[in-house]
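Here are a few exercises to work through with the structure open in your viewer. Try each task before reading its solution.

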Amino acid sequence: MKKILFVTSEAYPLIKTGGLADVSGSLPKALAEQGEEVRILLPNYQAIKTDEAIFFKSTLSIAEAGGMVAANILETRLPGTAVTVWLVDFADYFGLPGNPYVDASGVAWPNNAARFALFCRVAVELAMDRGYLGWQPDIVHCNDWQSGLVPALLSLEQPHPATVFTIHNMAYQGLFEKTVFTTLGLPKSLWGMHGVEFNGLLSFLKGGLAYADHITTVSPSYAEEIQTPAFGYGLEGLLSHRKAVLTGIINGIDAEQWDPETDPYIAQFFNAKSLGKKAANKAALQAKFALPINKKVPLFALISRLVEQKGIDLILEGLEEMLAQPLQFVLLGSGDKGFEQQLLAFAQRYPDKMAVFLGYDEGLSHLIEAGADVFLMPSRFEPCGLNQIYSQRYGTVPIVRKTGGLADTVTDALPDTLADHTATGFVFDDATPGTLLETVKRALLIYSQPKLWRQVQVNGMKKDYSWSESAKQYQKVYDAL
Ligand code: ADP
């Protein structure tokens, strides 16, 4: 049994903006089930919602730009589990309306560097058992740039617990002006090309990549891709230098939350043996989006942050032609205002074929997975991706670009994979609207052959995406440290 401090800026169901929250909400649980003692460290955002009791644990004195400040540690549980969560309570930074990264009007917090530097410093105090909690971890497992300074700061403490840093998305790096490094009062020895400096800027991410004892990322393909200029954002050199301690481990999914046999958000439970019942969810989804209720027409779906990473522009460019096909299309997402407006405009022009729900809606995302026939995920890059996995579990056949975790989790429907029952979706390589459209047509062709389609659905539904296998791989990483 190892003691693991799991440092993260979001964890489902307490607070979620994306896939990191799903991982932070389910990996610690899976590790606990396999005998590890895990505690999650999370900022005490105002937006956190829980019915679990919250207790005061201790007050820590933390170095800040202007001197020492007091931060409280509160204790709660990850709802519905026995996993302990420690909340870093510092109202000036975290007690305001908004989400972890942006304020209530959607603008990035201007003091993000200070907010997450404080969070990291608290993590270091707890890692060194200086938080009056009587608990010292063997491993500090950090996630994404918000906890990137933890391995860097811990490297200055002797002896210190081993550190693991997981990259969930290289596109977000926590880059700030050099002056921020100075104002934050970070130790001078951390500055420099072997430290947290990146082209004259302060990079929180590099604190993790340069100093962690082990680096992981969320799929084997992404682990390779980030060692190349196209995906490495200038950090590919450092990553390939560290490749001996870089491992790709595919994310699992929370198989209880995402289970078509028990999902409380869907209209009708179903499984691989009762796929016919999926039709009730399709009808509910068509009704919800005010589309014609039609069992036969293939229903395409997309759930996503509406940002360029997700290939929304590819969809927009090909949408006119896509909507000329015999299909319906529902979309749930929010993000780039330009994308939102263009998508809405299409929905208004084609009210019988396309409907859009702008916003974030957990329940609706489950109904979409249950009711759709095809799920679109044409990402330009995708560290792991979760919706293509949820889709397979719900018999919704994904169309994905061959990148990162999408390439690792979806098997293209080709003559040989159809023959040996391994096909689970449709995969394309070129990031062009034309190739996406061709793939949509490829899917329509198989859809028109119900027996073949059902087989692809069942192949996906039978795959095991639970966390237990991936958690074992993390345990191997911990054990090797
Ligand atoms: P990323 O972390 O890059 O956003 P992932 O596919 O790894 O992408 O995870 C996204 C998670 O957020 C999934 O669980 C997805 O269902 C969810 N999600 C994204 N947008 C929305 C939305 N508008 N409403 C509900 N859930 C959403």
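Contact here means heavy atoms within 4.5 Å. The model you are looking at is predicted.

**Exercise 1. Work out which residues of helix α10 are buried, how they are arranged around the axis, and what covers them.**

Step 1. Start with the cut-off: a residue is buried when its relative accessible area is under 20%. In α10, which spans residues 278-288, Lys-278, Asn-281, Lys-282, Leu-285 and Gln-286 are the buried residues.

Step 2. Now look down the axis. These residues cover an arc of only 135°, so they sit on the same side of α10.

Step 3. Apply the contact criterion to find the cover. It includes the strands β13 (299-306) and β14 (328-335), along with α13 (362-371), α17 (433-447) and α18 (450-462).

Step 4. Finally, check the backbone after the helix. Ala-290, which follows α10, has a positive phi, near 55°.

**Exercise 2. Describe the sheet that contains β13 and β14, and find the helices that pack against it.**

Step 1. Trace the strand order. The sheet is open, has six strands and reads β15-β14-β13-β16-β17-β18, with parallel pairing.

Step 2. Identify the edges. β15 (354-358) and β18 (426-428) each pair on one side only. From one strand to the next, the twist averages 15°.

Step 3. Zoom in on one pair. β13 and β14 run parallel and are joined by eight bridges. Within this pairing, Arg-305 stands opposite Ser-334 of β14.

Step 4. α12 lies across β13, β14 and β15, and runs at about 145° to β15.

**Exercise 3. Are α11 and α12 roughly parallel or roughly antiparallel to each other, and which residues meet between them?**

Step 1. Two packed helices are described by the angle and the distance between their axes. For α11 (residues 312-323) and α12 (residues 337-349), the axes come within 11 Å and cross at roughly 10°.

Step 2. Angles under 35 degrees count as roughly parallel. α11 and α12 are therefore roughly parallel to each other.

Step 3. List the two faces. Ile-312, Asp-313, Leu-316, Leu-319, Glu-320 and Leu-323 of α11 meet Phe-339, Gln-342, Leu-343, Phe-346 and Arg-349 of α12. Sorted by class, this contact has seven nonpolar, one polar and three charged residues.

Methods. Residues numbered from 1 in each chain as written. Predicted model: local features only at pLDDT ≥ 70, side-chain atom pairs only at ≥ 80, totals over all residues. Heavy atoms only, no water. Axes fitted to C-alpha atoms, helices over the stretch in contact; angles between N-to-C directions. Helix = DSSP H or I, 4+ residues; strand = E, 2+ residues; numbered from the N terminus. Parallel < 35°, antiparallel > 145°, perpendicular 65-115°, else oblique. Nonpolar A, V, L, I, M, F, W, Y, C, P; charged D, E, K, R; others polar. Buried < 20%, exposed > 50% of the residue type's maximum accessible area, 1.4 Å probe, protein only. Arc of directions from axis to C-beta. Pairing = 2+ DSSP bridges.
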